[in-house]
Each structure stands twice: as C-alpha cells, then as structure tokens.
2 protein chains.
Amino acid sequence: MAETLHSVDPTTGAAFGDPIAATTPEAVARAAAAARAAAPGLAAMRPSERADLMRAVAAALHDHEDDIVALADAESGLGETRLRGELARTTGQFEQYAAHAETGAVLDVVIDHAAPRATPPRPDLRRLNIPLGPVAVYAASNFPLAFGVAGTDTAAALAAGCPVVAKAHASQPATAILLGTVIAEALDKHGADPGVFTVVSGFQAGLDLIRDPNIKAAAFTGSIAGGRALADEAAGRPEPIPFYGELGSLNPVVVTPEAVAQRGTALVEEFAASMTLGAGQFCTKPGLLFLPEGHGLDDALAEAVRAKEVHPMLNGRIRDAYAAEAARLASHPQARFAVEPSAVDDGFAVTPGLVSAPAAAIDGDDALLHECFGPTALVLTYADTAELQRVLPQLPGGLTATVQLATSADPVAQTALPLLAERSGRVIVNGWPTGVAVTHAQHHGGPWPATTNARHTSVGTGAIARFVRPVAYQSTPESLLPEALHDDNPLGLQRRVDGRMEPVAEA
Amino acid sequence: MAETLHSVDPTTGAAFGDPIAATTPEAVARAAAAARAAAPGLAAMRPSERADLMRAVAAALHDHEDDIVALADAESGLGETRLRGELARTTGQFEQYAAHAETGAVLDVVIDHAAPRATPPRPDLRRLNIPLGPVAVYAASNFPLAFGVAGTDTAAALAAGCPVVAKAHASQPATAILLGTVIAEALDKHGADPGVFTVVSGFQAGLDLIRDPNIKAAAFTGSIAGGRALADEAAGRPEPIPFYGELGSLNPVVVTPEAVAQRGTALVEEFAASMTLGAGQFCTKPGLLFLPEGHGLDDALAEAVRAKEVHPMLNGRIRDAYAAEAARLASHPQARFAVEPSAVDDGFAVTPGLVSAPAAAIDGDDALLHECFGPTALVLTYADTAELQRVLPQLPGGLTATVQLATSADPVAQTALPLLAERSGRVIVNGWPTGVAVTHAQHHGGPWPATTNARHTSVGTGAIARFVRPVAYQSTPESLLPEALHDDNPLGLQRRVDGRMEPVAEA
C-alpha cells in the first residue's frame with residue numbers, strides 16, 4: 001500500500017488539506033541523481049557566486065514569509081510570533097553561512113612552498129577543501145523552519161557547495177513542500193540547476209535516500225532511536241558516508257547554594273519559562289535541575305510550572321511518548337511527581353510537569369537519565385559538593401550544561417563547571433540553554449548521545465565544515481591549480497602560508 | 001588456546017627470539033582504564049608542556065635509534081637505510097605536531113563577544129577544542145616506525161592531548177614492545193602518567209580494544225577488509241566512536257602523449273623505481289599507469305621492472321596474497337602479464353611484475369580496479385582524451401593521483417587533472433606518489449576506499465584535529481574559563497575574534 005502523509009492541526013488533532021503521496025523509490029533515486037548531476041556546477045562556482053545564490057534563496061523565503069508562517073503554524077501549533085522569529089533565523093542562517101563561505105574560511109587554504117634543500121626535500125603542496133557531493137538532510141519537527149528542510153543543515157551544505165535532497169518531517173509535509181517550491185523558484189530565477197535542492201517525503205523515502213549511492217553525507221536532527229537507525233545505515237553502506245546526527249540531551253542545570261540565596265525565586269521563574277518553551281520541545285530544554293538540599297523552592301517551583309500555559313505538542317506520537325516517559329520517571333523508587341503532567345482533551349495539548357528525586361538516585365543508576373521530550377523536567381536535590389563530584393561525571397553526553405552561580409568565586413560552581421564541560425558541547429553560566437546563537441564560536445553538538453559525532457556542530461558557521469573534504473595539489477603549475485590556490489590570492493581568501501596565517505580581515 | 005606471536009625474519013621466513021604472549025582481555029581493559037585515568041592530566045597540560053613531553057619522547061626514540069632500527073629491520077627486512085630514514089621521520093612527526101599544537105592551531109580558539117543590541121541579542125560565546133579521550137592506534141606493518149605504534153597516529157593523538165593504547169602489528173611484535181618500553185621510560189623520566197601510552201598485542205586484543213568503553217576514538221592503517229571490520233565495530237558500539245582508517249589505494253598515474261614524447265624513457269625508469277619501492281608495499285604505490293596508445297615503451301617498461309632487485313615482503317600472508325592478486329589481474333580476458341612476478345625461494349621475497357590491458361577494460365567493469373599490494377602494477381593503454389574522460393570518473397577513491405605532462409598547456413592534462421582531483425586526496429604533477437611530506441598542507445586521505453572518512457588526513461599537522469572536539473562557553477566569567485579563552489590571550493594563541501583571524505605568527 002502506498003504511503004500517504006497528512007497535515008494535522010495539533011490544536012485539534014484533525015487532518016486538513018489534501019493527502020500528500022510519499023515520494024516513490026524511483027523519484028528518490030531521480031532526486032539523488034539530479035543532485036549528483038548538479039554537484040560539479042555548484043562546486044565550480046566561486047564562493048561569492050554561491051553566496052549570491054544563497055542570498056537569493058533567503059530573499060525568496062523572506063518574500064513568502066506570510067504563507068510559510070501560516071502553514072507551519074497550522075501544521076505545528078507553535079504560534080505565529082515564534083514562527084516569524086524562526087523564519088528570520090532561517091534566512092539569517094543562509095545569509096551568515098554564505099558570508100562566511102565567501103571569506104574563504106570554508107576552503108581552509110594552506111600553502112607550503114617547496115623546500116628543495118630541507119632533509120628530506122619538500123615539494124610545493126597546496127590544499128583546499130572541496131564539497132563532498134549530494135547531502136541528505138533529515139528535517140526535524142520541533143523547528144519546522146530553522147531545522148526543517150530549509151534549515152541549518154541545508155544552509156550549511158549549500159554553503160559548502162553540496163546539493164541537498166531534504167526529507168520532510170511527517171508532521172509538516174505541506175510546509176516542507178511549500179519550502180521546496182519557494183526554493184526551486186528561487187534557484188530557477190537565479191539560473192541554477194534544479195537538482196541543487198529537492199524535497200522528498202515519507203518514511204521509506206528517508207531509508208531509500210540514506211542508501212542511495214549518489215548521496216555522500218547526511219545530517220539529521222531528531223530522536224536517539226531514529227538517529228541511531230540512520231547512522232547505522234550510513235555506516236553500513238558499501239561506501240560508508242559521514243552521518244551527522246543531533247539526537248537527545250538532558251541539558252543539566254546546577255544551581256549553587258549561593259545562587260539560591262541570591263536569587264532563588266527568580267531562578268525558579270526563569271527555569272519554568274525555559275523548560276516549557278515551545279511545549280518543552282527544544283533540543284536544549286533544561287531537563288535536569290540540580291538544587292542544593294534545603295533550597296526551600298519546592299512550592300515556588302511547582303507554582304511556576306503549573307502557571308505555564310497549556311500548549312499542543314507536535315503530534316500524537318510525541319504527546320503519547322511524553323506522558324509515558326514522565327510516568328516512567330516518576331515510577332522510579334526514589335522519585336515522585338512534584339507536578340503531575342496530563343494530556344488535555346484538546347488536540348495534542350499537554351500540561352507541564354516536574355519529577356523530584358534525590359541526586360543519589362542517579363548514582364550508579366541511569367534509569368532517570370533519559371530525556372523526557374516535552375515540558376516535564378527532573379529536579380535532583382544534592383547534598384554537597386562531594387555528591388556533585390560523584391554524580392556529574394555519570395551524566396550522559398549532552399548538548400549543553402548550565403551553572404547558576406552568585407560570584408565567580410562560588411566554590412560549588414568551580415567544582416561543577418569543569419565536570420560539566422567534560423560531558424557537554426556548550427557550557428552556560430547564569431543563562432538558560434534554550435536559544436542557540438548562530439555565531440562563529442557557537443557549538444551545538446556534544447558527546448554521544450547528544451550527537452553521533454562530538455567533533456561537529458549543526459549550528460553556527462562551523463556547521464559548514466561537515467560537508468567538505470581536503471584535496472592537496474603537489475608541484476602543480478599555477479594554470480592547472482584552482483584559482484583559490486594561486487599565489488597572488490585573486491579571491492582575497494584567508495590562508496595559512498608556510499605555517500603562518502595571513503592577516504586578511506573578514507568583510 | 002592462548003594466542004602467541006613470533007618474530008619472523010622475512011629474508012628467511014624463520015622465526016627468531018622468544019615467543020610473545022598476546023595481551024589478555026584483562027590487560028587490554030587495564031590499559032584502556034589507565035589511559036582513561038591519565039586523560040585529565042594530559043588534557044590539563046598547557047600546549048607547551050605537552051609539546052615538551054612529546055619532544056622528550058622523540059629524543060628517547062632518537063637515543064635508541066640503533067636498537068630500534070636493528071630490530072625493525074630483523075622483523076621487516078626493509079633495510080637499515082630506509083629504516084634510519086623512517087625513524088627520523090617518526091621523531092620528526094612528534095616534533096612537528098608538538099610545535100603545531102603549541103601555536104594553538106589545534107585549540108582553534110574562536111571568541112564572539114556579546115552583542116546585547118543585536119536582533120536577537122547574542123551572548124558572549126568562546127570556543128576551544130578539547131581532547132576526545134583515550135585513542136586506540138592500530139599499527140601498520142609496511143612502515144614499522146612512521147605508521148607503527150609510535151607513528152603518525154600516536155604523535156597526532158598525543159599532540160591533541162589524548163592518551164594512546166597502541167595495538168602492535170603481528171609482523172613486528174618485538175619492535176612494538178621495544179618502542180613501547182622506550183616511550184614508557186621517557187614518560188617516566190618526564191614525570192608523566194604511565195597510562196599515557198601502552199602497547200598491546202594480538203588479534204583478539206585489537207578487537208577487545210575497539211570495544212572498550214574507555215576508548216573514545218581509533219586510527220588504523222592497513223587493508224580494506226581489516227579496516228572495514230574495525231570501522232563496523234566502532235560504528236556498532238553502544239557509544240559509537242570516530243574511526244579513522246587509511247585503507248587501500250590504486251594511485252593512478254596518467255602520462256600524456258606530450259610527456260611520452262618529451263621524456264618517455266625517463267618516466268619508465270622513475271615509474272619502475274616508485275612502484276617497487278619497499279617491495280611495492282607503500283600505501284601510495286603507483287598501481288595504475290595510463291599510457292597513450294602507440295607509446296612505444298613496452299620493452300623499456302618490462303626491462304626497467306625486471307631490472308629491479310628482489311626484495312622480501314613483510315610476511316608470508318602478504319606474499320601469498322600478492323601472487324594471487326597479480327595472477328587474478330592477469331587472468332582478466334582483456335589483460336596479460338607483461339612481466340610475470342614470481343615468488344623466490346628465499347624467505348618472503350618476490351619479483352616485480354606488470355599486467356597490461358586496454359583502458360577500455362575498466363569501462364563498466366571494476367575487476368581490474370583492486371589494489372595489488374606489492375611490486376606489481378597495471379598498465380592501461382588509452383586511445384584518446386575522450387576515453388580518459390569516460391574511464392577516470394570510474395576509478396575508486398584513492399589517496400593520490402598523478403599526471404605526467406610536458407607543459408601546463410598540455411590538453412590531456414587539462415582534462416585529466418580535475419577528474420583525478422574528484423577521486424583523490426592528493427594530486428601530483430610531474431612527480432611520484434611515494435613519499436609523503438609531513439607538512440601543514442599535506443593531505444594523506446581520500447574518498448572511500450582510500451579511507452573510511454575522506455574529511456581527514458593521517459599525515460601532516462591536520463592529522464591532530466581528528467582527536468579533538470569543540471566546547472563552547474557562554475557568558476562565563478573569565479576566572480572560570482580555560483586560560484586559552486581569556487581575552488588578553490596569555491598563551492599567545494592564534495584566534496578568531498569577532499569573525500577576524502588575529503595576526504599571530506607561528507614560532
């Protein structure tokens with residue numbers, strides 16, 4: 001039976017619009033072949049030409065903002081304000097990655113001139129990065145735009161010079177198709193090969209895509225189970241390909257006794273806000289709050305969480321998994337519900353929750369150390385610094401870890417911070433993990449199971465490097481070298497020459 | 001039955017010295033646990049302190065040069081001259097990677113100051129690389145020193161700040177133990193944790209090592225079958241880890257008609273020398289020579305190859321595989337022996353060989369496109385540029401590809417060079433692929449099956465980056481930041497600050 005997708009309104013649970021046929025195996029193969037055919041042309045563009053193409057895509061997305069936001073809201077229930085912000089972030093990613101690639105930072109040009117009198121003599125060697133080829137992007141549902149088919153992975157792959165075949169998330173099939181149409185029109189208007197970007201839909205299409213020999217790398221944002229299955233497919237191919245999966249994260253927050261004393265009530269309010277943002281469906285949701293014994297914030301915490309508005313979750317499966325996982329956490333012998341979450345008879349809506357336990361409950365026992373995707377968090381009460389020293393190294397790898405402290409001399413913070421850095425991709429002081437700035441220094445990644453490869457980020461300009469590989473040219477006459485490797489630096493690139501970085505400023 | 005290893009003299013095939021017991025599963029686990037315990041101390045060292053430690057290791061290897069070279073020669077038959085050169089390269093790798101790490105290039109510091117008035121506002125974000133943790137290094141047999149237990153992978157991992165558990169190659173068990181002892185003494189003298197470097201031996205120990213939860217990355221140089229098996233183990237662990245395998249490569253060489261006319265006889269001599277270097281047991285051996293139809297060099301080629309001295313191969317298994325693979329190539333319906341190789345009744349010695357076929361034989365048929373490890377190469381005769389355009393894209397991924405041309409305006413070279421760059425990690429003009437300079441611009445890697453991940457090099461300072469991962473610090477007070485991220489740059493590191501590379505020169 002052919003697979004069919006449906007748009008569903010999370011606020012009612014009702015399907016709407018026309019059913020959407022899943023992409024056939026033949027059409028997936030055609031999309032991958034078209035991407036392969038488009039690859040040399042995209043790779044041959046100068047960085048500035050590719051940047052122009054990306055800016056054209058960003059402009060087209062911006063031009064269709066109203067339609068995109070309305071449809072994404074209808075399929076996700078995330079609300080217009082949030083989705084307008086997300087569209088701005090999405091177009092901003094295209095613009096920022098384009099500008100970064102334009103500086104030559106992605107090419108990472110290294111030139112070592114010949115040293116004929118060295119022992120042993122060294123030939124002239126010049127290296128630059130080239131695109132890997134067609135990239136499969138698996139869209140996430142929790143950020144239909146910023147991590148969707150036109151999200152950070154797609155922007156990064158295009159900035160690297162790789163065509164993209166993007167697999168729509170089943171919860172937002174119509175939004176994905178609209179984004180695909182808008183981008184296809186922009187490519188066409190710009191005179192670009194249509195194989196540069198295609199959207200495919202359906203579970204089987206996702207599997208067909210990762211197995212397609214024309215696909216040379218893949219990026220994914222989603223669950224540990226889904227990500228692991230695709231990572232195993234990528235590693236098991238006759239020709240293995242790099243797979244960049246961003247999976248689950250607990251995002252622990254350690255509050256020191258001094259911070260409780262200084263601003264306990266404010267912290268409780270901020271925590272509840274961060275934890276329930278987007279119905280708790282952020283990769284960076286603070287899911288684990290460490291409070292010192294005797295913190296006296298139990299009532300305030302429960303009240304702050306209960307006061308949060310009810311929001312629909314993205315789909316029925318996520319809602320059901322949320323309820324089940326919250327119940328499982330609270331069923332631990334040392335845990336209890338401080339606030340019991342519940343489903344609401346209103347589409348996929350749920351109420352937020354809190355589970356409490358002593359920190360000792362995770363010492364040698366990982367039953368409580370699983371992400372509960374949705375607006376429920378675990379509050380762990382720790383006895384002292386020695387207990388933190390014992391339990392923090394037992395946390396699974398995570399995207400982020402946060403310390404709330406009073407002063408930089410705070411002794412608990414001084415112990416906790418290096419232990420958290422050891423297990424995380426990003427450490428935050430006196431802030432909250434939700435909200436991921438798209439900058440050069442950003443790292444949105446972390447040790448397994450936060451990602452399938454801790455070396456890489458999916459957000460920030462560093463994300464582009466996932467999709468390139470080096471090629472070195474030895475003793476090659478200048479007229480046969482890529483322009484980027486010419487001695488006189490005609491493209492004005494940032495380069496390392498004979499071991500020294502040349503001081504070329506960014507535009 | 002307990003696994004036992006034996007030193008074998010390749011020039012006679014006779015075992016010598018005491019049998020060496022394989023490392024027990026318990027001892028492998030102890031080595032990995034000791035590496036894990038040593039990791040924080042190694043990671044906490046300043047780059048300059050780690051560089052000093054690496055220089056001490058290099059000095060110790062140099063001090064024991066006579067013993068190391070004698071034992072490596074007895075176990076490999078590669079000859080004293082070659083092995084003295086290889087030891088110099090090995091110590092050079094330690095010194096060069098140490099010096100590179102000392103500049104801060106490996107830390108890759110990126111600082112984005114806060115932009116509170118941006119939309120959305122951006123927090124202060126600072127990123128640096130930290131070591132991944134204990135690395136398993138699988139030694140190769142064809143370079144007992146430069147790619148052995150103290151080879152480029154070990155030097156790169158230590159420069160990154162990762163302890164190493166190195167698995168000896170079965171063909172050089174005593175050399176590996178000697179290298180391990182020399183390094184252990186150097187570490188001890190320097191006051192370093194002995195867990196920083198350990199050698200293990202045996203097939204099962206290699207498997208136990210890749211499965212050990214304390215191991216956080218692995219590097220391998222060897223066969224496609226062995227590398228793929230370990231890559232699958234690494235990807236299939238409960239916690240997958242990065243695996244860097246450098247496997248097989250054909251290293252094609254395209255000679256243009258103009259180059260034949262200009263210096264055909266010299267090229268034939270140079271090719272025969274490169275192809276038979278180290279008994280053809282280089283990863284970069286030119287295994288595929290494209291000559292234009294009517295080249296007239298058949299006799300010169302056969303003569304040059306026959307004139308090469310007989311050398312022992314590394315072990316009996318490699319010798320047998322060599323003979324079998326050469327015979328398989330020559331049995332192809334379109335191929336024939338131009339020079340038939342043979343085993344010599346003298347240890348593991350073999351004679352070199354040549355197989356000839358028309359280039360059309362590889363069009364749509366990959367039977368001839370398998371590496372023959374040893375001193376036999378395939379000569380393919382091509383009709384014209386159109387034929388090269390058709391067959392070169394069908395080559396498997398390789399470490400290198402070479403073009404021999406007369407002038408940079410050579411039309412055949414202009415066609416071939418970009419096609420070869422597409423399938424290779426390093427392109428060479430008018431040189432030979434054997435000989436891999438250890439420099440910044442070097443790339444010793446390439447598309448599958450040359451490596452398991454085309455993004456990485458195992459030689460050159462770029463090799464260090466395989467063993468680190470980024471951590472970002474958000475809004476963190478300076479006193480809680482690693483020294484490398486302080487605003488005033490106390491370590492004098494190369495950094496990207498607010499998007500611009502700071503012009504700090506290398507020492």
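Q: In which sense do β19(A) and strand β18 (residues 424-429) of chain B pair?
A: Two strands pair if DSSP finds at least two bridges between them. Here β19(A) and β18(B) pair in the parallel sense, over three bridges. Within β18(B), Val427(B) is the bridge partner of Tyr473(A). Helices and strands are DSSP runs (H or I, at least four residues, for helices; E, at least two, for strands), numbered from the N terminus. The model is predicted: local features need pLDDT of at least 70 and side-chain atom pairs count only at pLDDT 80 or more, while totals for chains, interfaces and linings use all residues. Residues are numbered from 1 along each chain as its sequence is written, and chains are lettered from A and ligands numbered from 1 in the order in which they are written.

Q: How many residues of chain A are in contact with chain B?
A: Two residues are in contact if their C-beta atoms, placed from the backbone, lie within 7 Å. By this rule, 58 residues of chain A meet 58 residues of chain B. Among the elements of chain A that each supply at least two residues are α8 (224-236), α13 (411-422) and β19 (468-474). The side of chain A that touches chain B holds 27 nonpolar, 19 polar and 12 charged residues. Ala, Val, Leu, Ile, Met, Phe, Trp, Tyr, Cys and Pro count as nonpolar, Asp, Glu, Lys and Arg as charged, and the others, Gly among them, as polar.

Q: What is the strand order of the open sheet of five strands in chain A?
A: The order is β7-β6-β5-β8-β9, with parallel pairing. Strand β6 (residues 164-167) of chain A is joined to β7(A) by four bridges, and Lys167(A) stands opposite Val200(A) in β7(A).

Q: At what angle do helix α2 (residues 47-63) and helix α6 (residues 173-189) of chain B pack?
A: Two packed helices are described by the angle between their axes and the distance between the axes. Axes are lines fitted to C-alpha atoms, for helices over the stretch in contact, and angles run from 0 to 180 degrees between N-to-C directions. For α2(B) and α6(B) the angle is about 135°, and the axes are 9 Å apart. That makes α2(B) oblique to α6(B); angles under 35 degrees count as roughly parallel, over 145 as roughly antiparallel, 65 to 115 as roughly perpendicular and the rest as oblique. The residues that meet include Ala56(B) and Val57(B) in α2(B), and Val182(B) and Glu185(B) in α6(B). This contact has seven nonpolar residues, no polar ones and one charged.
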